[in-house]
Amino acid sequence: MNSSTALAKTRSRNRHLAGDSAKSVETQISIIVPVCNEASLIRPFLQHLRERAPKAEIIVADGGSSDGTDRLATGFCDQLVGSDRGRGRQMNIGARTAHGEILWFVHVDARLPFQCLDEIWRIMDDPNVAGGYFRIRLPRGLVYRFTDSFAHYAGILLRMRCGDHGIFCRRTAFLATGGFPEVPLMEDVEFFRRLHRCGRVKYSEQRILVSTRRYEALGRTRLTLAYGVIATLYIFGVPLSALARIYRRMCCDA
């Protein structure tokens, strides 16, 4: 073993013994949670989030809730910011108030994997990586399996990912992209595509458990079809304003 290899191993061992890696994860990640009228979910989710990320900065970006979501979030997050309704606008305001070097955007109805911060830090340890995301997990069922598997590989090919995947990125990359476009639909997909211009975007095999509440409310097949139609039209360049109208017609009962 040469001296440089021995020195590298010694430094690595010292960092591990000092808990340096875990501490870096916890202090450098800010989690932004956009919400609107989520009174029944907000406190259980924030408690879950704090268990999974005990020292991360948690920012709730409320879009004008009328059911007391903002009041219920108080004391369960590090910052509560308000804005007009719109996920893109809410996430941008949350990101602007965040202190972390890495920004992680998470939905309120998600269940996060253990050691999620360590996984983000592992991916972001490569300076060529601008950001990343997690795979999602849905319950058993033919439609869910199709969404889970086919959509994953199609998304890699087409560079499309939704907010359910827990997209994260460097603050510098977020600023370089201009943040989330403040549009009525597909703001997460638009942002995800822009993120690729800033560097590599990698995914984790760890899974975020996604809520099926919209699938169950509207119907599994119907919502899956709606998502497929919207994604296809988006690829062919249909304006986002038109996509929003189509989505409202297809999902008017959601």
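The lining of the largest cavity has five nonpolar, two polar and three charged residues, where Ala, Val, Leu, Ile, Met, Phe, Trp, Tyr, Cys and Pro count as nonpolar, Asp, Glu, Lys and Arg as charged, and the others, Gly among them, as polar. The model is predicted, so that local features need pLDDT of at least 70 and side-chain atom pairs count only at pLDDT 80 or more, while totals for chains, interfaces and linings use all residues. Residues are numbered from 1 along each chain as its sequence is written, and side-chain values use heavy atoms, with hydrogens and water left out.

The structure holds one cavity of 30 Å³ or more, and about 60 Å³ of space lies in the largest cavity. A cavity is a set of points, on a 1 Å grid over the protein atoms alone, where a 1.4 Å probe fits but cannot get out, and lining residues have an atom within 4 Å of a point. Among the lining residues are Arg-87, Met-91, Phe-105, His-107, Glu-187 and Asp-188. Helices α5 (87–97) and α9 (187–195) each supply at least two residues of this lining; helices (H or I, at least four residues) and strands (E, at least two) are DSSP runs, numbered from the N terminus.

Seven strands form an open sheet of mixed pairing, in the order β3-β2-β1-β4-β6-β5-β7; two strands pair if DSSP finds at least two bridges between them. Because β3 (79–82) and β7 (200–209) stand at the edges with a single partner strand each, one side of each is left without a neighbour in the sheet. Neighbouring strands of this sheet are turned by 20° against each other on average, direction ignored, with axes fitted as lines to C-alpha atoms and angles running from 0 to 180 degrees between N-to-C directions, for helices over the stretch in contact.

Strand β5 has eight of its nine residues buried, so β5 is largely enclosed by the rest of the structure. With β7 it pairs in the parallel sense over eight bridges, and Arg-137 stands opposite Leu-209 in β7. With β6, in contrast, β5 pairs in the antiparallel sense over two bridges, and Gly-131 stands opposite Cys-169 in β6.

Note on methods. On a 1 Å grid over the protein atoms alone, a cavity is a set of points where a 1.4 Å probe fits but cannot get out, and a pocket is an open set with protein on both sides within 12 Å along at least five of seven lines; lining residues have an atom within 4 Å of a point. Grid points are joined across faces, edges and corners, and a volume is the space filled by probe spheres set on the points. Buried means under 20% relative accessible area, exposed over 50%, partly exposed in between (1.4 Å probe, protein chains only).
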